[in-house]
Amino acid sequence: MKKLTIKEILKEGENLAGKEVDVKGWVRTRRGNKNVQFVALNDGSTINNLQIVFDLEKFPEESLKNITTGSSIHVKGNLVASQGAGQSVEVQADKLEIYGTAPADYPLQKKGHTMEFLREKAHLRPRTNTFGAVMRIRHALAYAIHKFFNDKGFFYFHTPLITASDCEGAGAQFQVTTLPLNELPKNEDGSIDYSKDFFGKMASLTVSGQLEGELGATALGLIYTFGPTFRAENSNTPRHLSEFWMIEPEMAFYEIEDNMDLAEEFIKYCINYALEHCYDDIKFLNDHFDHDLIDRLKFVVNNDFVRLPYTEGIKILEESGKKFEFPVHWGVDLASEHERYLVEEHFKKPVILTDYPKEIKAFYMKLNDDGKTVRAMDVLFPKIGEIIGGSQREENYEKLIGRIEEMGLEGMEWYLDTRKYGTVPHSGFGLGFERLVQFVTGMQNIRDVIPFPRYPKACEY
């Protein structure tokens, strides 16, 4: 007999009715009376449980005493139409095998748990309904990302996790070294002698795969990266992690308008894929945590994004009459409250903000003819603010050298070669994967959309 997942059994319910089924999973709840016991079983394949019915004439109470919340069991029995409300089919148990018991100190008893408590139990929290739903949605979104780019002719390009360059120029990197930290080798001037280190130079975990991704785009045309990145920022906001995953497409021969078109198509595709393939999980999160979630997701999918120059956006904010926590003026980097005002209150649509002042953007962004702004684009969403950041890249060799010198960056010769040998107009953007998962699940804190969150003073498991 083939073992079926609970998702398969519930999907094929009527077709399997009257047949023997073989199921395995973890006990969510157990209830009953002196004649019969009902067990809600879940195997992680779906948010929905399968009801197992134990007739006490077949199964003495003593044989069921170890079926507690959290225990794992193997059941064979007939699938029949359910007599009770809440499920269409149930299993009349004939055989029982208990794999593992869960004693009374099992932390995830049937009661409400705070998100903070569950973060302390990150090794167990995927077993809850909430985090099971989040992780299934996370998987579906990851698959959708690969499918979207593959179907459009992009190549998956693997960029290094260990690097000697700082893409963002912010210096917030985790250093990688084999030097003895209690006795660092020093040069005559007292600086650290990195020639004695593993790579012979200072190396760090990557903050972005973009620069290396550009190398791939100038050879393969269309590439995307999808991998972990690391930021050593002492940030404890609900929107920041120290380790997170990034999707970074880079496209040769794309102007900024092409870049915006792709970003809008991409994000809508991912959200629509989740709605189509994870509706039960999204509905659970909608019903229990965020009652506007489904409407918000459909709102993004069904609306064209507004395209708005930064200068016009600043004018709208200044004339709004709204008192913001952070003052607004031309040249300031917008805060989340500013971004959300434009999306949620003014336009009531997602917004792509363009043409930012060059001083607040990275060195690689293409200068506009005004010499003051760059061809940047940020996609702004309701509740979350910026979800995608990108730009047309500066393809002019001399201008790029000027920006690199202006920022005091070193060791960029290899990057400049892409502009020296056969330069082309090209563009790209970055999407923080956890921000996307956070938006689609409606979770309030980004620490709750990755299995094992890393943030300041937190590196468990």
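A residue counts as buried when its relative accessible area is under 20%, as exposed when that area is over 50%, and as partly exposed in between, using a 1.4 Å probe and protein chains only.

The model you are looking at is predicted: local features need pLDDT of at least 70, side-chain atom pairs count only at pLDDT 80 or more, and totals for chains, interfaces and linings use all residues. Residues are numbered from 1 along each chain as its sequence is written, and side-chain values use heavy atoms, with hydrogens and water left out.

**The overall picture**

The protein chain has 14 helices and 16 strands. Helices (H or I, at least four residues) and strands (E, at least two) are DSSP runs, numbered from the N terminus. Along the principal axes, the C-alpha atoms fill a box of roughly 85 × 60 × 45 Å.

**Strands side by side**

Strands of a sheet pair through backbone hydrogen bonds, either parallel or antiparallel. Here, two strands pair if DSSP finds at least two bridges between them. Five strands, in the order S1-S2-S3-S5-S4, close into a barrel with mixed pairing. On average, neighbouring strands of this sheet are turned by 55 degrees against each other, direction ignored; the axes behind such angles are lines fitted to C-alpha atoms.

Here are two pairs to find in the structure:

| Strands | Sense | Bridges |
|---|---|---|
| S4 (residues 72-81) and S5 (residues 89-100) | antiparallel | 10 bridges |
| S12 and S13 (residues 351-357) | parallel | four bridges |

In S5, Glu90 stands opposite Val80. In S13, Leu353 is the bridge partner of Leu308.

In a regular strand the side chains alternate between the two faces of the sheet. Strand S12 (residues 306-309) has Val306 and Leu308 on a covered face, with Arg307 and Pro309 on an uncovered one.

Ser427 belongs to strand S16 (residues 426-432). Ser427 is called buried because its relative accessible area is 0%. A polar atom of the Ser427 side chain lies 2.7 Å from the backbone oxygen of Tyr254.

Now look at Phe199, in the loop between strand S8 (175-176) and strand S9 (203-205). With a relative accessible area of 43%, Phe199 is partly exposed.

Terms used. Axes are lines fitted to C-alpha atoms, for helices over the stretch in contact, and angles run from 0 to 180 degrees between N-to-C directions. A polar contact is a pair of N or O atoms within 3.5 Å; within protein, one must be able to donate a hydrogen and the other to accept it, and residues adjacent in sequence count only if both atoms are side-chain atoms.
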